[in-house]
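Reader: Hi! I'm about to look at this one for the first time. Could you walk me through it?

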Amino acid sequence: MRMRLEYVESERAREGWRDALGAAVFGTDPLGAPIPPEVPHLAVHMPVLAGPVRWIERWRTDEPPHYSRAGAVRLACAGALAFGALSAEEPHEPPAGVSGLEAATEWAYGQIQAALAASGCRHLVRIWNYLPRINTYTGGLERYQQFNGARRRALLLSGRLIRGPVPAASALGCGRGPLSIYFLAARAAPRFIENPRQVSAYHYPRQYGPQAPIFSRATLLEAAQGARLFISGTSSIVGHRTLHAGDPAAQTRETLTNIEALLAQAPPFTLESLTYKIYVRHAADLPRVQREVDAALGPRPRRVYLQAEVCRADLAVEIEATGGCGEP
Ligand code: 3EB
């Protein structure tokens, strides 16, 4: 089975849904995209930079998926792969001792666990997490740190590991809306790749929050048609420290160096062979980020830019990338 990742403008998205596993719509008005209701999808309030009013990120295969629902999770299964999407409102009156975001996160990850069991694709390969006000503190804890604690508790509760074989991930701030999560899962376990330049996220020291974020730096899924590589959101972090605070150009270069270090462990992928999703905290930094990205990647690789809060306040840019999914 082949797998394709594409970014389409909503005006051009009338076609191409018959073999769609799922989609995520990014923009200031993400709700207006023409997506067939059976296809799992999410709307993420996140401005597009240097592009159309909205990007539809669409995952396609070459066989018609089977669509279903497991609890709150909308699922599409094709071959040995599953795509799932769900959103979770934060309760105004959460159970005692947890915040609304923590309650929503624990509930969402419980739903995902149940959906994975139902789908037969037990192995989480890649997961995207979008939540509003990610850098805001409530009750003395940043919302990203609240999310980290709740994600960790939910994974432990469902009997999953919290280091080693954990999915590649992204976690970013969106403008508003519920906690929104989509994921790719597989019947077979992927390979889990760490970055020799970086402390594994699940081993970050406590100065970044009482509970560490749980994700692998990348996962690699082998298939008869070739491997697919899923690189987590990557930033200007070396060891566990942020480098080049206040210098978005240098942060972009460091981030790309981090991605190259990962690629060295995942042949035959190269910087040129990937598709990129680039999150820029301040729109005003876009030209500086673009200049570095263009210099490193050249004209060929597909890339989209979004404006988003990144999970450390001193990070100006974060880059995720995917390989082996139908790039040029
Ligand atoms: C970092 O390297 C940057 O919490 O799921 C990147 C990718 C980041 C995923 C997550 C966070 C997450 O720590 C932040």
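Predicted model: local features only at pLDDT ≥ 70, side-chain atom pairs only at ≥ 80, totals over all residues.

Reader: Great, let's start with the ligand. Which residues are closest to the ligand?

Author: The closest are Tyr 144, Arg 151, Tyr 204, Arg 217 and Cys 311, and 14 residues surround the ligand in total. By class, that shell has eight nonpolar, three polar and three charged residues.

Reader: Which helix and which strand each supply at least two residues of the shell?

Author: Those are α2, residues 143-157, and β12, residues 168-174.

Reader: And what lies 2.7 Å from an oxygen atom of the ligand?

Author: That is a polar side-chain atom of Arg 151. Tyr 204 also has a polar side-chain atom by a ligand oxygen, at 2.6 Å. For Arg 217, an N or O atom in the side chain is 2.9 Å from an oxygen atom of the ligand.

Reader: Nice. How much of the ligand's accessible area does the protein cover?

Author: The ligand has 350 Å² of accessible area on its own, and the protein covers 99% of that.

Reader: Okay, on to the sheets. What is the strand order in the open sheet of four strands?

Author: The order is β1-β5-β2-β3, and the pairing is mixed. At the edges stand β1 (3-9) and β3 (41-45); each has a single partner strand, so one side of each has no neighbour in the sheet. On average, neighbouring strands here are turned by 15° against each other, ignoring direction.

Reader: How do β2 and β5 pair, parallel or antiparallel?

Author: They pair in the antiparallel sense, over seven bridges, with β2 covering residues 20-27. If you want a spot to look for, Phe 26 stands opposite Trp 55 in β5.

Reader: What about the open sheet that six strands form?

Author: Its order is β6-β7-β8-β13-β9-β12, with mixed pairing. The edge strands are β6 (66-70) and β12, each with a single partner, so each has one side left without a neighbour in the sheet.

Reader: Got it. How many bridges are there between β7 and β8?

Author: There are five, and the two strands, residues 73-78 and 81-88, run antiparallel. Within that pair, Ala 76 stands opposite Phe 83 in β8.

Reader: Switching topic: which residues have a positive phi although they aren't glycine?

Author: Ala 50 is one of them, with a phi of about 50°, and Arg 133 is another, also at about 50°.

Reader: Where are they, and are they buried or exposed?

Author: Ala 50 is in the loop between β4 (48-49) and β5 (54-61). It has 57% relative accessibility, so it counts as exposed. Arg 133 lies in the loop between β9 (123-132) and β10 (137-138), and at 43% relative accessible area it is partly exposed.

Reader: Last one: where is there a cis peptide bond?

Author: It joins Pro 267 and Pro 268, with omega about 10°. Pro 268 lies in the loop between α3 (248-263) and β19 (274-280). For background, most peptide bonds are trans.

Methods
Residues numbered from 1 in each chain as written. Heavy atoms only, no water. Buried < 20%, exposed > 50% of the residue type's maximum accessible area, 1.4 Å probe, protein only. Near = heavy atom within 4 Å. Polar contact = N/O pair within 3.5 Å; in protein donor to acceptor, adjacent residues only side chain to side chain. Areas by Shrake-Rupley, 256 points an atom, 1.4 Å probe, with all protein chains shown as cover. Nonpolar A, V, L, I, M, F, W, Y, C, P; charged D, E, K, R; others polar. Pairing = 2+ DSSP bridges. Axes fitted to C-alpha atoms, helices over the stretch in contact; angles between N-to-C directions.
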